[in-house]
Amino acid sequence: MAKKKIVKRRRGKSKAKNKGYFRKEHQDAIVAFCNSECHKEKEDLYTNIIREALEKLSENLIYVYGFHKQHDNVDVLKQDCVINLYETLHKFDPSKGHRAFSYFNVVAKHWLIIHSRKKNKRKFRMVSIDDPNNEINVDALFHQNGQFVAPPSTRLENEEKIEEIRQLFQEIRKRVRNDREIRCVDAIIEIFNKVDELDFLNKRAIFVYVRELSGLNSKQLSVCMSSIRNIYRQLNGSGKEFDIL
């Protein structure tokens, strides 16, 4: 009698994959929310679909970037962040090609940074400088909290340099060749104008900010940045004064 051949089945990964908390249904619901003029329809879209994604997005940012360490009540912080996102839902413009997740990720992150900075400043103001038990470096604290006031001449020079850089960006924008490069330049300009609101200013963080604001993927962004650098060098020549790209 022939022996039956035993076929061993390989255990594969389950076909059901975790699609994440911000899925296509949330993207579509946000687009529908922005295009709708019916208050009841907007309320249903937000309550039944959108809110859960915004709550999870806020919660992830709070823990990933360590905002939970600066606040006593994380639930209140999360709800305040979600409320801020709800109030900015109508500002999302699907026609610009941005993904809703990228757009509201940036909005939430900026709000959390600004909110935490305000909280830290309030805490700083409550420190008594005259208290002999407080061994604090007053000058260092003022620098750290952005409250150091530079001499008028220095501030004037800085303002002039900032304005020159803005004009340089505008000139670059006139010379770029396509829509992707325009979106990239617009993202750089927006980050430059809001640099005081950002908490993470290393090279990688800025790249992520530009990618999220422009809606471009990493490969597209690299190609655009290469073209923008060439234009920048043509305008700036060999000078290193504004060597920022």
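Entry 1. Terms before looking. I take an axis to be a line fitted to C-alpha atoms, for a helix over the stretch in contact, and the angle runs from 0 to 180 degrees between N-to-C directions. Two packed helices are described by the angle between their axes and the distance between the axes. I note that the model is predicted.

Entry 2. The whole chain. I looked up the secondary structure and found nine helices and zero strands in the protein chain. Read from the N terminus, the elements run α-α-α-α-α-α-α-α-α. The chain has 245 residues, and 31% of them are buried. I then turned to contacts with a separation of 6 or more. Residues 24 or more positions apart account for 61% of these.

Entry 3. Helices α2 and α3. I asked at what angle α2 and α3 pack. The angle is about 125°, and the axes are 9 Å apart. By class, I find eleven nonpolar, two polar and three charged residues in the contact of α2 with α3. The crossing of α2 past α3 is right-handed. On the α2 side, the residues that meet α3 include Tyr 46, Leu 54, Leu 57 and Ile 62. On the α3 side, Val 74, Leu 77, Val 82 and Leu 85 are among them.

Entry 4. Helices α1 and α2. I next took α1, residues 24–35, and α2, residues 39–64. Their axes come within 9 Å and cross at roughly 145°. Here α1 passes α2 in a left-handed crossing. I listed the residues of α1 that meet α2: Glu 25, His 26, Ala 29, Ile 30, Ala 32 and Phe 33. Their partners in α2 include Leu 45, Tyr 46, Ile 49 and Ile 50. By class, the contact of α1 with α2 has nine nonpolar, one polar and three charged residues.

Entry 5. The core. Which residues of the largest nonpolar core touch the most other members? They are Ile 30, Ile 50, Phe 104, Leu 112, Ile 172 and Cys 184, out of 50 residues in this core. At least two residues of this core come from each of α1, α2, α3, α4, α6, α7, α8 and α9. In soluble globular proteins, nonpolar side chains tend to be buried together.

Entry 6. I checked Thr 88, in helix α3, which covers residues 74–88. Is Thr 88 buried or exposed? Thr 88 is buried, because its relative accessible area is 12% and the cut-off is under 20%. Apart from residues up to four places away in sequence, Thr 88 touches Phe 104 and Val 107.

I found Glu 212 in helix α8. Glu 212 counts as buried, at 11% relative accessibility. With neighbours within four places in sequence left aside, I see Glu 212 in contact with His 98, Ser 102, Asn 105, Val 106 and Lys 109.

Last, I located Met 225 in helix α9. Met 225 counts as buried at 13% relative accessibility. How far apart are the C-alpha atoms of Met 225 and Cys 184? They are separated by 7.6 Å, although the two residues are 41 residues apart along the chain. Cys 184 is also on my list from the core entry.

Methods: Residues are numbered from 1 along each chain as its sequence is written. This is a predicted model: local features need pLDDT of at least 70, side-chain atom pairs count only at pLDDT 80 or more; totals for chains, interfaces and linings use all residues. Side-chain values use heavy atoms; hydrogens and water are left out. Helices (H or I, at least four residues) and strands (E, at least two) are DSSP runs, numbered from the N terminus. Buried means under 20% relative accessible area, exposed over 50%, partly exposed in between (1.4 Å probe, protein chains only). Contact means heavy atoms within 4.5 Å. A crossing is left-handed if the near helix is turned anticlockwise from the far one by less than a right angle, and right-handed if clockwise. Ala, Val, Leu, Ile, Met, Phe, Trp, Tyr, Cys and Pro count as nonpolar, Asp, Glu, Lys and Arg as charged, and the others, Gly among them, as polar. A nonpolar core is a set of buried Ala, Val, Leu, Ile, Met, Phe, Trp, Tyr and Cys residues joined through side-chain atoms within 4.5 Å.
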